[in-house]
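Here is a walk through one protein model, from the whole fold down to single residues. Have the sequence and the coordinates open while you read.

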Amino acid sequence: MLNPATGEALKAEDLYPLFAEECARQEMNTTDRWIEIPDEVRDMYRIWRPTPLVRAGGLERALGTRAHIYFKNESVSPVGSHKLNSAIPQAYYAKREGLTNLTTETGAGQWGAALSLATRHFGIDLAVYMVKVSYNQKPYRRSIMQTYGAEVIASPSMSTRAGRKIITEHPNYQGSLGTAISEAVELAVSTPGCKYALGSVLNHVSLHQTVIGLEAERQMDMAGEYPDVVIGCFGGGSNFSGVAFPFMRHNFAGETKTRFIAAEPESCPKLTRGKMRYDFGDEAGYTPLIPMLTLGHNFAPANIHAGGLRYHGAGAIVSRLRDDNLMEAVDIPQLESFEAATLFARSEGLIPAPESAHAIAAAIREARKADEAGEDRVILFNLSGHGLIDMMSYDRFFAGDLQNYSIPDSEIEANTAGLKEA
């Protein structure tokens, strides 16, 4: 990453004003193969970890497939998603540093809910900027955050300079994760005793999430199988990294030949159609410049119901892996994702979050390809969260009110013009 003020390579201390210092050190750490999980974090993990690895026999029968399909069920966390894996250590490091406040953004609300619980546990106040379209689409996620004691603000808002500028220029703008990040960062740097916490994209978040894949490794061994394909839905990269990276290291050692697939929305295709550029992680340009596959930090995503995937760029590590063809990516139309989610719910009994539905759709595609090729295939995907607070989106799907979205190449070219090639 680059310091936007100097253009020089970023150092950990450049991030100290923004993030908890231990998170900043983890972000830039290139020496330690393993980083120990603090005892206080382990104590909270024990509430729900390890999460189950499930053989999706019902889905296999519904598809009539010869493939073996497994999913890691992260929906069993107290907030219903994988996001708590990083929220707890980030809140712990903030408390250890003596901070009294954190700010953050949230798309669909899973990250905001997770950090709300974590900060409450460690006695830290939290302000959450929630993307306006999700603020209105998912009122019960807002209620969850407020129940845990967080302040929730619809973004863009009039409470920050960045928000006021966007509202003035685009009065009806329904928000994006990039906008919400700008507002949260602005509040953090202007408030004493306060820093910012991010739920995806960055290296230290991916690190925390690898607890998913590390557990899945042990559990696949217990099942007597090893995945040929590992799949995660993709917004900024946290749950995909979490399930994929522990398995990926064995490919790099020449021990395995597993394929890795990130499933993103057709309407926000940074991995399949984005450009490899140095770009800001937020809309206003407050963050460091990240070498990422991006649609441009001013990209305005469609108002799809997978709110957690409506982000313009990918994390630096995943971007490089994708650019070097060490992993694959697919873009999933919104209607296909809900069709897959409905089939999964009816065959497995679990209603998935709209985000997780993209991973299910990709897994179904892989099973059908294996059958067409006459191949046996072991498929593992991460069920990043449940959809019990997303039923409004299912209502709209069943009513025929949802549609697919795609963006023209000209829009991507215009949004990325002028960005430095990475």
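The report below starts with the ground rules, moves to the overall fold, and then looks at a handful of residues.

## Ground rules

This is a predicted model, so to speak of local features here takes a pLDDT of at least 70, side-chain atom pairs count only at pLDDT 80 or more, and totals for chains, interfaces and linings use all residues. Residues are numbered from 1 along each chain as its sequence is written, and side-chain values use heavy atoms, with hydrogens and water left out.

## The fold as a whole

The protein has 18 helices and 12 strands. Along the principal axes, the C-alpha atoms fill a box of roughly 60 × 45 × 45 Å.

Of the 422 residues, 61% are buried. Buried means under 20% relative accessible area, exposed means over 50%, and partly exposed is in between, using a 1.4 Å probe and protein chains only. Among contacts with a separation of 6 or more, 73% link residues 24 or more positions apart; a contact means heavy atoms within 4.5 Å.

## Surface and charge

## Asn85 and its partner Arg49

Asn85 sits in helix α4, which covers residues 84-96. Asn85 counts as buried because its relative accessible area is 0%. Its side chain makes a polar contact with the side chain of Arg49 at 2.8 Å. A polar contact is a pair of N or O atoms within 3.5 Å; within protein, one must be able to donate a hydrogen and the other to accept it, and residues adjacent in sequence count only if both atoms are side-chain atoms. Leaving aside neighbours within four places in sequence, Asn85 is in contact with residues including Tyr45, Trp48, Glu74 and His208.

Arg49 shows up again in the backbone: a cis peptide bond joins Arg49 to Pro50, with omega about 5 degrees. Pro50 lies in the loop between α2 (39-45) and β1 (53-55).

Most residues other than glycine have a negative phi, and most peptide bonds are trans. The bond from Ser155 to Pro156 is cis, with omega near 10 degrees, and Pro156 is in the loop between β5 (151-155) and α8 (161-169).

Val201 is not a glycine, yet has a positive phi of about 70 degrees. Val201 is found between β6 (194-196) and α10 (203-209), in a loop, and is buried at 7% relative accessible area. Asn325, also not a glycine, has a positive phi of about 60 degrees. Asn325 belongs to the loop between α14 (316-323) and β11 (328-332), and counts as exposed because its relative accessibility is 62%.

Thr258 is in the loop between α12 (238-252) and β8 (259-265), and is buried at 6% relative accessible area. The Thr258 side chain reaches the backbone oxygen of Pro227 at 3.0 Å. Thr258 and Asp228 are 30 residues apart in sequence, but their C-alpha atoms are 4.8 Å apart in space.

Asp228 also touches Arg377, which is in the loop between α16 (354-373) and β12 (378-383). Arg377 is buried, with 12% relative accessible area. The side chain of Arg377 makes a polar contact with that of Glu375 at 2.4 Å. Ser176 is 201 residues from Arg377 along the chain, and their C-alpha atoms are separated by 38 Å.

Terms used: Helix = DSSP H or I, 4+ residues; strand = E, 2+ residues; numbered from the N terminus.
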